[in-house]
Amino acid sequence: MASTLLNATTLNHFIGGNWVGDNKSADVTNPANGETIVHVPLSDGGAVDTAVEAAKKAQKEWAKVPAPQRAEVLFEAGNKMKARKERLAQLLTMENGKVLEEARGEVQEGIDMAFYMAGEGRRLFGHTTPAELPNKFSMSQRCPVGVVGIITPWNFPIAIATWKSFPAIIGGNAVIWKPATETPIMAHELAKILEESGLPKGVLNVVYGKGSTVGDAMVHHDDIRVMSFTGSNDTGRNIASECGKQLKKVSLEMGGKNAIIVMDDADLDLAAEGIVWSAYGTSGQRCTAASRVIVHDDVKERLEERLLAKIEELTIGDGLDETNNVGPIINQAGMEKIQSYIQIGQDEGANLIAGGYVLNDGDLGKGHYVAPTLFTDAKPEMRISQEEIFGPVVSLIPVKSFDEAIEVNNGVSYGLSSSIFTTDANRVFQAQRDLDTGIVYVNAGTTGAEIHLPFGGTKGTGNGHRDSGVQALDVFTEWKAVYIDYSGKLQRAQIDTE
Ligand code: UN1
């Protein structure tokens, strides 16, 4: 059972500053070896009401705390995360499976977000602007929304939680957070850190449970005025339509079908390195993972050779063993979905040239491992080239020109991340203009977003909002326009202006 790192066998909800149990719970297993690490409580949704009551009370006071003082909590949380980085990374690898080096990177992303959003405590800029009448002052300012709901996925259990909760907290809101039940340990650790950093009781509340219970209760609670969600397309669309009826603001991030374009003038060694890292890192379980490579015909064979050589070098296994580069798939359902797409790709007539099988020799059999898989000669319209697989599976799609590459890139229902490898400066600028995604990379893979830039995408990836960056503040604040007339008389806008 539980790793000695955790000092707990069962986790609790965190409501109004209290750690509360539940009569239902589920096992949390390590995807690397199937061992139970801890038990997670499962609310039937009732805990959401208690949490919202606590949050409403806490938020009234929190909103009055000057933002630079709110920031002190986040600075402290950043320091604590920094001091605990290695322990957090190890726990993250145990519950999520990603290799330790990547887990450290993810924790760092959370630390960066803490300091970045703490800095916002002294900015949260609005505008002052001239009023159209004399002796009149006008400005716009950001105001808290109130109680906000966040639902976070298992693939980046701490980073994505910080992208959403820290802007909400610095903005003067109280948060109800439903973390993925596959990865509750990061939620537990982050809540503990915020508690120890002096966050007043009730400003952050964690309720564990399923989407159909806890998520549903959040979506339908009148007093939760914003829902920020990262996860599957179907769930996101559902949340949006339910929240639409209640005029709730919704921010969605629902994945991608990200492509790397490799042009005939590209540095092929660099491109192969970027592809392997973006496609097989985190076992392809990133929203930003590269799952298509759009390659110019003239360099297709040379690129394939390089990719096959690099795939050969990858070692697959438990992420806690630092000699491994690729960890397990999160669970059986995830693995079955990947396997089904490998079959679909073969049935569709794509050419499987690497991987395509599950690894279950010896200890690997206790976990969920899929060999890094590469299809070539895929067609843009095939399902493996259109649908999100969320695993280590890549389709190489040959094209004849730059224009065709852009068209294929944009010819999917998602729009999260894209990349181009080229040494032609004109193509660089054309591509960054024409690639229809929220994130574009030049001469780098599709992963690796930094926290001070907006994260999100176009089309089916989202609904126009962004995580992280200052843009996340727009999700968690309302704009207020303020006019102060100091003329001592009635001045009518648009009328007394002549
Ligand atoms: C995700 O997969 O949802 O850009 C987040 C990246 C990471 C975050 C990924 N910084 O790949």
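## Salt-bridge network

Glu 53, Lys 56 and Asp 223 are joined in a network of salt bridges. A salt bridge here is a side-chain nitrogen of Lys or Arg within 4 Å of a carboxyl oxygen of Asp or Glu. Side chains of opposite charge can pair when their charged atoms come close. Across the whole structure, the search returns 24 salt bridges.

## Basis of the values

This is a predicted model, where local features need pLDDT of at least 70 and side-chain atom pairs count only at pLDDT 80 or more, while totals for chains, interfaces and linings use all residues. Residues are numbered from 1 along each chain as its sequence is written, and side-chain values use heavy atoms, with hydrogens and water left out.

Arg 84 and Glu 196 form a salt bridge, with 2.5 Å between the closest N and O atoms. The pair links distant parts of the chain, 112 residues apart. Arg 84 sits in the loop between helix H2 (67-83) and helix H3 (85-96), and Glu 196 belongs to helix H6 (residues 184-196). Helices (H or I, at least four residues) and strands (E, at least two) are DSSP runs, numbered from the N terminus. Arg 84 is partly exposed at 21% relative accessible area. Glu 196 is partly exposed at 41%. The classes are buried (under 20% relative accessible area), exposed (over 50%) and partly exposed (in between), with a 1.4 Å probe and protein chains only.

Asp 297 pairs with Lys 400 in a salt bridge, the closest N and O atoms being 3.3 Å apart. This pair also links distant parts of the chain, 103 residues apart. Asp 297 is in the loop between strand S13 (290-296) and helix H10 (300-313). Lys 400 is in the loop between strand S18 (393-399) and helix H12 (402-410). Asp 297 is partly exposed, at 33%. Lys 400 is exposed, at 62%.

## Arg 492 and Asp 496

The side chains of Arg 492 and Asp 496 make a salt bridge, 3.1 Å from N to O. Arg 492 is partly exposed at 42% relative accessible area. Asp 496 is partly exposed at 30%.

## Positive phi in loops

Leu 124 is not a glycine, yet its phi is positive, near 40 degrees. Leu 124 lies in the loop between helix H4 (100-120) and strand S5 (127-130). Leu 124 counts as buried because its relative accessibility is 17%.

Asn 135, also not a glycine, has a positive phi of about 50 degrees. Asn 135 is placed in the loop between S5 and strand S6 (136-144). Asn 135 counts as partly exposed, with 42% relative accessibility.
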